[in-house]
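Me: I would like a close look at one part of this model, the aromatic rings, and then at what surrounds them. Please keep the answer connected.

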Amino acid sequence: STSNGTFTVGSTGIYLVTGFISYAQNTTGTRGLILTAGSNPTCEVDHAACPNNITRVNISKIYSLTASDVVTLLWYQTSGSSLNVTYVVFNIARIA
């Protein structure tokens, strides 16, 4: 099931989890994504703001998950003001 950047795993297995976000143009700070999954370590990636264009951030991780584990995609930015998010993708695929 999905809701607001969360997914509850239905069956135990190996999963590929990916996320993508696109932020409106701004020259200040960083933009980032964080994945959390059950009791697995957090995976985080961030990028400096792209001064002349929108900033895009990708993240991917393979997790061993158990039924009922919750996977979450979180995003943040440190520009000091509100920024529009122009696109978000959150995918989960069982691969084994």
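How many aromatic pairs does the structure hold?

Reply: The structure holds 1 aromatic pair, where rings of Phe, Tyr and Trp (its six-membered ring) pair if their centres lie within 6.5 Å, and planes under 30 degrees apart count as stacked, over 60 as edge-to-face and the rest as tilted. The pair is formed by F20 and Y87 and is edge-to-face, at 5.9 Å centre to centre with 65 degrees between the planes. It links distant parts of the chain, since F20 is in strand 3 (residues 13-23) and Y87 in strand 8 (residues 85-94), 67 residues apart. Strands here are DSSP runs (E, at least two residues) and helices likewise (H or I, at least four residues), numbered from the N terminus.

This is a predicted model, in which local features need pLDDT of at least 70 and side-chain atom pairs count only at pLDDT 80 or more, while totals for chains, interfaces and linings use all residues. Residues are numbered from 1 along each chain as its sequence is written, and side-chain values use heavy atoms, with hydrogens and water left out.

The two partners of the pair differ in burial class (buried means under 20% relative accessible area, exposed over 50%, partly exposed in between, with a 1.4 Å probe and protein chains only). F20 counts as buried because its relative accessibility is 18%, whereas Y87 counts as partly exposed because its value is 49%.

R31 lies over the face of Y23, 6.0 Å from the ring centre. The charged end of K61 sits over the ring of Y63, at 5.8 Å from its centre.

With residues up to four places away in sequence left out, L65 touches V9, T12, G13, Y15, A37, N40 and V71, contact meaning heavy atoms within 4.5 Å.

In strand 7, T72 counts as buried because its relative accessibility is 14%. Leaving aside neighbours within four places in sequence, T72 is in contact with G5, T6, I34, L35, T36 and F90. The loop between strand 6 and strand 7 holds S68, a residue other than glycine with a positive phi, near 85 degrees. S68 counts as exposed because its relative accessibility is 54%.

As for the setting, the protein chain has 0 helices and 8 strands. Buried residues make up 33% of its 96 residues. Among contacts between residues at least 6 apart in sequence, 74% join residues at least 24 apart. The C-alpha trace spans about 45 × 20 × 20 Å along its principal axes.

Key:
Lys NZ or Arg CZ within 6 Å of the ring centre and 35° of its normal.
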